[in-house]
Amino acid sequence: MVYLGIYGGLLFGIAGWYFGRRAAAKNNGLDEMLAYMTAKSRSISWYFTIAAIYVLLSLEVFGLSVGTIPALAILLFVLLGSWGLSFFILQARMTADPDDDTGKGKLQLVISITIGASMLILFAIISALTGEWRFLLAAIPPVMLNVLIMTSLRKKQADSGKKAG
Amino acid sequence: MTQEQLGEIIGVSRQSVIAIETMKYNPSLELAFRIAKAFRMQIEDVFVFEEKEEK
């Protein structure tokens with residue numbers, strides 16, 4: 001089962017990367033902006049990974065060791081997850097067509113839900129691994145902050161829409 | 001000329017053309033020259049350097 005997860009994930013990852021590049025090549029997608037967004041999102045993902053390393057180190061210090069393999073799995077999840085997510089956000093922000101306003105709000109909602117769900121999953125993994133349910137409570141502040149940011153952004157957008165109209 | 005057509009000529013995606021147009025992405029010097037060439041113009045006629053205001 002573990003082998004399936006590790007090597008199946010690797011296989012799916014490589015297949016996704018290969019077919020993604022093949023599809024992008026069809027409409028000149030393999031250009032310098034793609035290289036820029038890939039490098040930038042990889043750079044951003046390292047900040048999240050550093051934060052995750054500190055969280056795991058803190059758990060170790062406070063006597064709540066998660067073990068080597070789960071810790072590596074969490075770090076891999078955070079690195080790849082934040083890389084993919086930051087690439088997605090970067091792409092959406094840079095390539096948003098100013099003439100086409102449809103889908104902008106939907107995209108923000110999807111991003112917000114993805115961030116919130118990722119945080120919940122991360123804290124759920126930590127609490128499951130440590131057997132300490134109170135780690136789930138630690139997910140409340142970042143999730144609430146996410147909801148607050150999203151709500152204020154939508155309000156700001158609605159206000160500017162009214163002014164423009 | 002449409003964004004798609006320009007993208008085909010200079011070898012980038014339509015999304016990249018949008019990002020350059022909306023100033024979300026600064027193209028490399030090589031790409032900037034290719035864009036200018038596509039319009040048969042000088043690079044300084046297409047791109048104008050604007051210094052960012054210090055906050």
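In this predicted model, B:Arg40 counts as exposed, because 7 C-beta neighbours lie inside 10 Å, and a residue with 12 or fewer such neighbours is classed as exposed. B:Arg40 belongs to the loop between α3 and α4 (43-46) of chain B. Its backbone deserves attention as well: B:Arg40 has a positive phi of about 55°, although it is not a glycine. Most residues other than glycine have a negative phi.

B:Met23 is not a glycine, yet it has a positive phi of about 60°. This residue is found in the loop between α2 and α3 (29-38) of chain B. Is B:Met23 buried or exposed? B:Met23 is exposed, since 8 other C-beta atoms lie within 10 Å, and the limit for this class is 12 or fewer.

Taken along the principal axes, the C-alpha atoms of the chain fill a box of roughly 40 × 25 × 20 Å. Of the 55 residues in chain B, 22% are buried; a buried residue has 20 or more other C-beta atoms within 10 Å of its own.

On the side of α1(B), the contact is made by B:Gln3, B:Glu4, B:Leu6 and B:Gly7. On the side of α2(B), B:Arg14, B:Ser16, B:Val17 and B:Ile18 take part. By class, the residues of this contact divide into three nonpolar, three polar and two charged.

Chain B also meets a partner, chain A. Which numbers of residues does each chain bring to the contact? Chain A supplies 10 residues, and chain B supplies 14 residues. The side of chain A that touches chain B has three nonpolar, four polar and three charged residues.

Terms used:
Residues are numbered from 1 along each chain as its sequence is written. Chains are lettered from A and ligands numbered from 1 in the order in which they are written. This is a predicted model: local features need pLDDT of at least 70, side-chain atom pairs count only at pLDDT 80 or more; totals for chains, interfaces and linings use all residues. Two residues are in contact if their C-beta atoms, placed from the backbone, lie within 7 Å. Ala, Val, Leu, Ile, Met, Phe, Trp, Tyr, Cys and Pro count as nonpolar, Asp, Glu, Lys and Arg as charged, and the others, Gly among them, as polar. Helices (H or I, at least four residues) and strands (E, at least two) are DSSP runs, numbered from the N terminus.
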